Amino acid sequence: MELYKRIIEIVDANLINCLIPIILTLILVELIFKNRFETKKVLNLIRWTIISYTVITWTFYLIGMATTDNPDEYAFINRATGPYAWAYWIMFLSALILPLTLLIKKLASKFWYVLLVVFGMKSGMYFERFVIIVTSFCRLPLFRTV
């Protein structure tokens, strides 16, 4: 299982972080050269890459929830219902649900919508870091207020 997590980290660092400049370049090529290059095929490849990445991430998320020993104490449930649940649900929606809207072909054929989805995924990753760090500090006795 550790190898799969490392592969996801590598994909995060190398592919997902690079999607914004790739899509902006495609938009620029489309504007300058009109229909001389097959930018729609590249956009379709990016679309399916995002969808595949999201499905893999969903799978790890569901496996993590299903294989816990004690669900009451597990981080998924604590973070989804704790004091920072708003950030957790923003993370969940923008990183896991928004990319699945690319399955709608009419939306996925627009460069700007795919760019919006990539920005949403990126913000979801930052919210994920926020949720992990802040909820960890929130659970410490030093930061609790009575």
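Predicted model: local features only at pLDDT ≥ 70, side-chain atom pairs only at ≥ 80, totals over all residues.
Of the 146 residues in this chain, 32% are buried. As for how the chain folds back on itself, take the contacts with a separation of 6 or more: 73% of them join residues 24 or more positions apart.

Let's start with helix H2, which covers residues 19–33. H2 has 15 residues and reaches 21 Å from its first C-alpha to its last, close to the 21 Å expected at 1.5 Å a residue. Which residues of H2 are buried? They are Leu19, Ile20, Ile23, Leu26, Ile27 and Glu30. Look down the axis of H2 and these buried residues fall within an arc of 130°, so they line one face of the helix. The general rule behind such spacing is that an α-helix has 3.6 residues a turn, so residues three or four places apart point the same way. And what covers the buried residues of H2? Helix H3 (39–66) and helix H7 (111–138) are among the elements that do.

Leucine 24 also sits in H2, but this residue is partly exposed, with a relative accessible area of 39%; that value lies between the 20% under which a residue counts as buried and the 50% over which it counts as exposed. Leucine 24 and tryptophan 112 are 88 residues apart in sequence, yet their C-alpha atoms are 9.0 Å apart in space.

Now move on to helix H5 (residues 85–97) and its packing against H7. Their axes are 8 Å apart and meet at an angle of about 150°. Angles over 145 degrees count as roughly antiparallel, and H5 and H7 are therefore roughly antiparallel to each other. The crossing of H5 past H7 is left-handed. On the H5 side, the contact is made by Trp86, Ala87, Tyr88, Ile90, Met91, Ser94 and Ala95; H7 brings Gly120, Met121, Ser123, Gly124, Phe127, Glu128, Phe130 and Val131.

H5 has a partner in H3 as well. Here the axes come within 9 Å and cross at roughly 135°, and H3 and H5 are therefore oblique to each other. From H3, Thr54, Thr57, Trp58 and Tyr61 meet Tyr88, Phe92, Ala95, Leu96 and Ile97 in H5. Notice that Tyr88 and Ala95 of H5 turn up in both contacts, with H7 and with H3.

Key: Residues numbered from 1 in each chain as written. Heavy atoms only, no water. Helix = DSSP H or I, 4+ residues; strand = E, 2+ residues; numbered from the N terminus. Buried < 20%, exposed > 50% of the residue type's maximum accessible area, 1.4 Å probe, protein only. Expected span 1.5 Å × (residues − 1). Arc of directions from axis to C-beta. Contact = heavy atoms within 4.5 Å. Axes fitted to C-alpha atoms, helices over the stretch in contact; angles between N-to-C directions. Parallel < 35°, antiparallel > 145°, perpendicular 65-115°, else oblique. Left-handed = near helix turned anticlockwise from the far one by under 90°.
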